[in-house]
Amino acid sequence: MRTTTISISEDLRKQLLKVAAELQAKSGETADYDDVVRYLLSRVARDEQLFKQACAPVNVDLSRVRAELRKGRAEDQGREEAFEAK
Amino acid sequence: MLLGTPGSRIISDPLLLGSPIIAYTCHFNLSEAEYVLCRLLGRTQARSKVDNLVRSNYINLTDAGRLYANAAEIKFERSLALGECYTVANAKVTGSIALFAFQEEELKSEMERKPFDVEILFIEGLPRTGSPS
């Protein structure tokens, strides 16, 4: 991933380090400034109700979902092969 | 996750509880999810679910950078559906784990033929309780 440099105050840098330490303690993995800023941004303006609605259980058999996914991908594959055969 | 299956709650529950997990997807994968849901639930419910997921800001959309090129490279080298290529490419670009709902044979064969340079997990193979590490 391409990176760039930004300037922040020493005070803010220390606060970001604290969040990094918390992330590391929770996940057990090293967290750098990139991880910290991503984590903080990901929490901005989150809408719990919308997420719950998105993830609400639906009455569909998983085997049907899998079958539809395979069917769709087979359609794409068929088109690709027909295109390549031309 | 959009189906609210018990297996998918290993991701959605920690997200709701404020876990430091960062979840990513891309427009290609959202499109694939929506058309499959469309065929099973109808347009209105499918659109509503995907829109709500995006607008909730719980999932990071990562379509910038070289995602398309990474996906294309994987598609060129491997016998996989483009949607699977985008999932693997997204994991590579974001430094995350590629998470698939189903253990499709083509993907398992490719993993055995030549290991991917990203970690791959399948929801159907994960334990039903507890949080991912």
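## Model and confidence

This is a predicted model; local features need pLDDT of at least 70, side-chain atom pairs count only at pLDDT 80 or more, and totals for chains, interfaces and linings use all residues. Residues are numbered from 1 along each chain as its sequence is written, while chains are lettered from A and ligands numbered from 1 in the order in which they are written.

The predictor gives the complex an ipTM of 0.88 and a pTM of 0.77. Chain B has a mean pLDDT of 89 (the predictor's confidence in each residue, from 0 to 100). In chain B, 94% of residues reach 70 or more. Confidence in chain B is highest in H3(B), at 96, and lowest in strand E2 (residues 59-61), at a mean of 89.

## Chain A

Chain A has four helices and zero strands. Helices (H or I, at least four residues) and strands (E, at least two) are DSSP runs, numbered from the N terminus. The order in chain A is α-α-α-α. Its radius of gyration is 22 Å, well over the 12 Å that the globule rule gives for 86 residues, so chain A is more spread out than a compact globule. The radius is taken over C-alpha atoms, and the rule is 2.2 Å times the number of residues to the power 0.38.

The C-alpha atoms of chain A fill a box of roughly 60 × 40 × 25 Å along the principal axes. Buried residues make up 9% of chain A. A residue is buried if 20 or more other C-beta atoms lie within 10 Å of its own, exposed if 12 or fewer, and partly exposed in between, with C-beta atoms placed from the backbone.

## Where the chains meet

Chain A gives 31 residues to the contact and chain B gives 29. Two residues are in contact if their C-beta atoms, placed from the backbone, lie within 7 Å. On the chain A side, helix H1 (10-27), helix H2 (33-42), H3 and H4 each supply at least two residues. H4(A) has the largest share of that side, nine residues.

## Nonpolar cores

A nonpolar core is a set of buried Ala, Val, Leu, Ile, Met, Phe, Trp, Tyr and Cys residues joined through C-beta atoms within 7 Å. The largest has 20 residues; A:Phe51, A:Ala54, A:Cys55, B:Leu2, B:Val36 and B:Leu37 touch the most other members. Helices H3 (48-54) and H4 (62-85) of chain A each give two or more residues to this core, as do H1 (9-16), H2 (27-41) and H3 (43-56) of chain B.

Leaving aside neighbours within four places in sequence, A:Ala54 is in contact with B:Leu2, B:Lys49, B:Asn52, B:Leu53 and B:Ser56. Another core, of 15 residues, lies apart from the largest one and includes B:Leu67, B:Ala81, B:Tyr86 and B:Leu99.
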